[in-house]
Amino acid sequence: MSLKSLQLSLENLRPWLTVLAVFWLLASLGLGWLVNSLLIIFGLLFLTPVVAFLGFRWWLQRNLVNDQCPVCNYEFTGLNNTQLQCPNCGEQLSVKQGHFQRFTPEGTIDIKAIEIPAKSLEEQK
């Protein structure tokens, strides 16, 4: 190992050795509570984003619905218990119990039209 590579490796370790020396000095002076509080703060700073990310993924798995539009059968994704619009046909939809349903305001009667060929009407006479 050459002298230059040893100097480069020591230069990379210098900040870590300084931090370790400061913590050791504070702990030896009876300021262990300060060291412990700093470690707790740093631990929370690193742990909080991980817990938040895992919690968000869990929430998405429970509330993300992938279904087909009941009007045009276009498959897309929405959040449970929300209202949205189909990106394909523009129909207003509501998401309930993991499925898309046509949104109908209170008092609206939803009917299905049945097409009857004209020939069948003439044959009945």
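Trainee: Which pattern does the chain follow when read along the sequence?

Mentor: This is a predicted model, in which local features need pLDDT of at least 70, side-chain atom pairs count only at pLDDT 80 or more, and totals for chains, interfaces and linings use all residues. Residues are numbered from 1 along each chain as its sequence is written, and side-chain values use heavy atoms, with hydrogens and water left out. Helices (H or I, at least four residues) and strands (E, at least two) are DSSP runs, numbered from the N terminus. The chain has three helices and five strands, and their order is α-α-β-β-β-β-β-α.

Trainee: What percentage of the residues of the chain count as buried?

Mentor: Buried means under 20% relative accessible area, with a 1.4 Å probe and protein chains only. Of the 125 residues, the buried share is 11%.

Trainee: Which residues make up the largest nonpolar core?

Mentor: A nonpolar core is a set of buried Ala, Val, Leu, Ile, Met, Phe, Trp, Tyr and Cys residues joined through side-chain atoms within 4.5 Å. The largest one has eight residues: Val-65, Cys-69, Phe-76, Leu-84, Cys-86, Leu-93, Val-95 and Phe-100.

Trainee: Which residues does Asn-63 contact, leaving aside its neighbours within four places in sequence?

Mentor: Asn-63 lies in helix 2, which covers residues 32-63. Its C-alpha is 8.4 Å from that of Gly-78, a residue 15 positions apart from Asn-63 in sequence. Contact means heavy atoms within 4.5 Å. With those neighbours set aside, the contacts of Asn-63 are Gly-78, Leu-79 and Asn-80.

Notes:
Buried < 20%, exposed > 50% of the residue type's maximum accessible area, 1.4 Å probe, protein only.
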